[in-house]
Amino acid sequence: MNAPQPRFTGAASYVLDDELAKIVNVSIALELPLLLKGEPGTGKTMLAHAIADSLGLPLIVLNVKSSMKLVDALYQYDTLTRLNDSRFGDSKRNVSNIEEYLRMGKIGQAFTSEQRVVLLIDEIDKADTDFQDDMLDVLDQMQFDIIEVDQTIKARQRPIIVITSNAKKDLSDPFLGRCNFHHIAFPDAELMRRIVVTHFPTLQEQLLEAALGAFYRLRAIEGVEKKPATRELINWLRALQSDPDFKPDALKQGAVPHLGVLFKKSGDYAAAYNKLARSR
Amino acid sequence: MFAAFFYALRDAGIPVSPTSFLRLQRALGLGLIGSVDDFYAVARSLLVKSERYFDLYDQVFAHIFAGAEAPAVDTVELSAAIRALIEQWLAEPAELARLLKLPVAQVRKLSADELVEYFLKTLAEQQAAHRGGSRWIGTGGTSPVGHSGNHLGGMRVGGGPGNFSAIKVALDRRYHDYAQGGVLTDQLLGEALKRLRHLKPSGPKDQIDIDATIYQTVRNAGEIELVFEQHLKDKLKVALAVDNGGWSMVPYVKLVQRLFDQARAQFKELRTFFFHNTIYDALWEDAARYKKPLKVDELPRLEPETRWIIVGDASMAPDELESGWGNIYLDSRRDRPSIERLHFIARTFKHCVWLNPVPQRYWKGTPTISAIAAIMPMYELSLDGIEQAVVQLMRK
């Protein structure tokens, strides 16, 4: 605790609001995993990248899948290779030494790394509740056992842990109890302007104005399943910039080219299209 | 430190654990918090574990640190509750018109949202007129207003805000929109879909069965013999029956259909039927309920393993359910009461559930809901309800 804690102040490609910066720093200081929720495309995953960038630490990403078992995230015991080696005996590995067939999973890598790392556990809500709770046990104690060789792996350096969840439903209570929690609200127009400017430093003011206006108008359309988020806005601006026929004035007149970049579900696309056609 | 804040949060209904409060003390002790702004952000991330409570937190924070009016405990759920009530009332426009003191024709013209707004406005006027009076509509009368004495929800104008921006932020109540739970909405569709995924039995698996591989290899005198696990189970057949009659179901029919249409790929077969209020002699395959009837007597021809999901508010006059002459359409009256038909379906198919968009807390008030829930398991049309229903449907 005496060593000065690294402080996170934002990265070049990530616009950080003050509130979130405080929360990140307190999570690092208290050594709590930070659980981030929020609409898809609001930069939950990007935050972990930004933390790693700004603190100069390596980032290890565990992409959670629905079929994943906890042990997959910790380590893998490669039985098949061992079986194969024992049959053909042409490898350099020592078949009677199980450890040669153990490989670390993402959490294992984070624990055994010489350097402190940022561990991003992405989309935890995909896995079932048992996985989530068991994983928190491991992260709480900062150690796990390898059953095959009866060995305990302890974290050399406590990783900075960021967990993201898209779920609108809450995670289990014991899980929440061990995390620091933040919900990334959808950025308002002011913050969005700053975000866009970081990504497109040379964007004309006029285009930015028109595009943001159109974007928030489109977000307000009701009955859309997946509203366009920051990610879609940035891709859309990229599309507009690369389109030689595009003129910023068109946006003001209500035309929205490349609508498909913003609305990716056919139902949503149709709804937005109809709405635009009617309002013109 | 800040014990009052802790208790105020708990009193407001935010589940704040003592452990997390101790963590806050630790953060304070470490000198991590240097201003009210810091305190606002850090305390929230440590103490409040769901965005649903962020709005409430903002109100408590503003109350404690700036003397704004304290939040009413059930403010959060109020507008959702009223919405549910109004949807119930829409089934009986005359009753609703009487309660709102509006002509029936006008009530019919208003949308649900407008009604909620109007209702809240009326409630506000009432509250202003009898300050301190806690009861308003029909105590013990026929109206389903069970929670009399609600404090009025909506925005509160705080007392003079201090000089701290955090308090201004708290007074802004940015998280108002997130403070809703309950019945399924468009926004929750994706989540609901995720729940339905569990209806899918595991498809083909190309995993190596280690134990069997070792066994076969040894039998094979050490020559490696790989054994693959392959579970090729049949996908499920699902029958969906939706109550698409009556105003009360209108908001849900499309939602439910979209939900299942999106899940269609994972079922072997999905058949959609329609009915009004409850099931009599036939179900219809067309939404207009007259072109393509399927007699209930013929249902046993469907596979008995078919999963039945019936969606309806199950709210009707008891006669419609129990009397042989209950069908509200005169030309299709028959002598079998609907309740017998439901029993028949529940007997024929092992896996039936009824999903009800009426929030569970109002079920007791409607006798037909209890009657149908006694025949087949009934769940709320919410994320939790769908999850439970899926468990029930997957039961062997």
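In the predicted model, 3 salt bridges are counted between chain B and chain A. Side chains of opposite charge can pair when their charged atoms come close. One salt bridge is formed by A:K22 and B:D38, whose closest N and O atoms are 3.4 Å apart. The side of chain B that touches chain A draws at least two residues from each of α2 (18–29), α3 (36–47), α10 (189–196), α11 (210–219), α12 (250–263) and α16 (383–394) of chain B. Of these helices, α3(B) gives the largest share, with 8 residues. Sorted by class, the side of chain B that touches chain A consists of 19 nonpolar, 17 charged and 7 polar residues.

Contact involves 43 residues of chain B and 33 residues of chain A. About 3,300 Å² of area is buried between chain B and chain A, and carbon and sulfur atoms give 58% of this area. Across the same interface, 10 residue pairs are found in polar contact, with both residues of a pair at pLDDT 80 or more.

Over all chains, a search of the whole structure finds 21 salt bridges. One of them is formed by A:K37 and B:E51, with the closest N and O atoms 3.2 Å apart. This pair joins two chains, because A:K37 belongs to strand β1 of chain A while B:E51 sits in the loop between α3 and α4 (54–66) of chain B.

Chain A contains an open sheet of 5 strands with parallel pairing, in the order β2-β5-β8-β1-β9. At the edges stand β2 (59–63) and β9 (180–184) of chain A; each has a single partner strand, so one side of each is left without a neighbour in the sheet. From one strand to the next, the twist averages 20°. Strand β1 (residues 34–38) of chain A pairs with β9(A) in the parallel sense, over 5 bridges. A:K37, which also takes part in the salt bridge with B:E51, has A:H183 in β9(A) as its bridge partner. Helix α1 (residues 18–30) of chain A lies across β1, β8 (160–165) and β9 of chain A, and runs at about 160° to β9(A).

An antiparallel pair is also present in chain A. Strand β6 (residues 143–146) and strand β7 (residues 151–154) of chain A run antiparallel and are joined by 4 bridges. Within this pair, A:D145 has A:T152 in β7(A) as its bridge partner. The hairpin of β6(A) and β7(A) has 4 residues between the strands, and A:D150 takes a positive phi near 50° there.

In chain B, the surroundings of one lysine were examined. B:K237 is placed in strand β1 (residues 237–243) of chain B. The side chain of B:K237 is joined to that of B:E303 by a polar contact of 3.0 Å. With neighbours within four places in sequence left aside, B:K237 is in contact with B:K268, B:E269, B:E303, B:E305, B:T306 and B:R307.

Conventions
Residues are numbered from 1 along each chain as its sequence is written. Chains are lettered from A and ligands numbered from 1 in the order in which they are written. This is a predicted model: local features need pLDDT of at least 70, side-chain atom pairs count only at pLDDT 80 or more; totals for chains, interfaces and linings use all residues. Side-chain values use heavy atoms; hydrogens and water are left out. Contact means heavy atoms within 4.5 Å. Buried area is the accessible area (1.4 Å probe) that two parts lose on being put together, summed over both. A salt bridge is a side-chain nitrogen of Lys or Arg within 4 Å of a carboxyl oxygen of Asp or Glu. A polar contact is a pair of N or O atoms within 3.5 Å; within protein, one must be able to donate a hydrogen and the other to accept it, and residues adjacent in sequence count only if both atoms are side-chain atoms. Ala, Val, Leu, Ile, Met, Phe, Trp, Tyr, Cys and Pro count as nonpolar, Asp, Glu, Lys and Arg as charged, and the others, Gly among them, as polar. Two strands pair if DSSP finds at least two bridges between them. Axes are lines fitted to C-alpha atoms, for helices over the stretch in contact, and angles run from 0 to 180 degrees between N-to-C directions.
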